[in-house]
Amino acid sequence: MNKAELIDALAKQHFEGNKANATRALNAVVDTISTEVAQTGKVSITGFGVFEVLHREARVVRNPRTGERKQADAMDLPRFRPGTDLKNRVQAAADAKTK
């Protein structure tokens with residue numbers, strides 16, 4: 001599902017078909033999560049998951065084509081860890097497909 005499809009689903013399920021309101025809501029949530037993770041390093045939504053910053057130390061990497069080794073800088077990366085409710089829904093959907 002891409003962003004446009006997500007907006008369509010939100011509009012149908014929660015905004016009486018109003019795509020403009022669904023778009024504003026989705027953009028507001030994504031922007032708020034992005035801003036807070038960048039500023040504080042963590043956003044936790046109980047049952048859904050945790051958005052957080054993961055620090056990756058500097059390391060030596062290798063180009064698989066040439067075999068050349070070079071130094072990669074340390075960096076902070078965004079990470080998502082799913083919560084229990086999300087894990088359970090995904091597992092239930094997988095179980096339903098196998099039956």
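**Talking through a predicted model**

Mentor: Before anything else, keep in mind that this is a predicted model, and that buried residues make up 15% of the 99 residues in the protein.

Trainee: OK, and how many helices and strands does the protein have?

Mentor: There are three helices and five strands, and if you follow the chain from the N terminus the elements come in the order α-α-β-β-β-β-β-α.

Trainee: What is the radius of gyration of the protein, and what would a compact globule of 99 residues have?

Mentor: The protein has a radius of gyration of 19 Å, whereas a compact globule of 99 residues would be near 13 Å. Taken along the principal axes, the box that the C-alpha atoms fill is roughly 55 × 40 × 30 Å.

Trainee: And of the contacts between residues at least 6 apart in sequence, what share joins residues at least 24 apart?

Mentor: That share is 27%.

Trainee: Switching to the surface, what does the accessible area come to, and how much of it belongs to carbon and sulfur?

Mentor: The accessible surface is about 7,900 Å², and carbon and sulfur atoms account for 53% of it. As for charge, the protein carries 17 positive and 12 negative side chains, with the centres of the two sets lying 6 Å apart.

Trainee: Let's pick a residue, then: is Glu 52 buried or exposed?

Mentor: Glu 52, which sits in strand E2, residues 49-56, counts as buried because its relative accessibility is 14%, and the cut-off for buried is under 20%.

Trainee: Which side chain does the side chain of Glu 52 make a polar contact with?

Mentor: The partner is the side chain of Arg 81, at 2.6 Å. If you leave aside the neighbours within four places in sequence, the residues in contact with Glu 52 include Val 37, Gly 41, Lys 42, Leu 77 and Pro 78.

Trainee: How far apart are Glu 52 and Val 37, in sequence and in space?

Mentor: They are separated by 15 residues in sequence and by 6.0 Å from C-alpha to C-alpha. Asn 63 and Phe 48 are also 15 residues apart in sequence, but their C-alpha atoms are 37 Å apart.

Trainee: Where does Asn 63 sit?

Mentor: Asn 63 is found in the loop between strand E3 (59-62) and strand E4 (69-72), and it counts as partly exposed because its relative accessibility is 32%. A polar atom of the Asn 63 side chain lies 2.9 Å from the backbone nitrogen of Arg 65.

Methods
Residues are numbered from 1 along each chain as its sequence is written. This is a predicted model: local features need pLDDT of at least 70, side-chain atom pairs count only at pLDDT 80 or more; totals for chains, interfaces and linings use all residues. Side-chain values use heavy atoms; hydrogens and water are left out. Helices (H or I, at least four residues) and strands (E, at least two) are DSSP runs, numbered from the N terminus. The radius of gyration is taken over C-alpha atoms; the globule rule is 2.2 Å times the number of residues to the power 0.38. Buried means under 20% relative accessible area, exposed over 50%, partly exposed in between (1.4 Å probe, protein chains only). Contact means heavy atoms within 4.5 Å. Accessible areas come from the Shrake-Rupley method with a 1.4 Å probe; for residues, only the protein chains shown count as cover. Lys and Arg count as positive and Asp and Glu as negative; His and the chain ends are not counted. The place of a charge is taken as NZ of Lys, CZ of Arg, CG of Asp or CD of Glu. A polar contact is a pair of N or O atoms within 3.5 Å; within protein, one must be able to donate a hydrogen and the other to accept it, and residues adjacent in sequence count only if both atoms are side-chain atoms.
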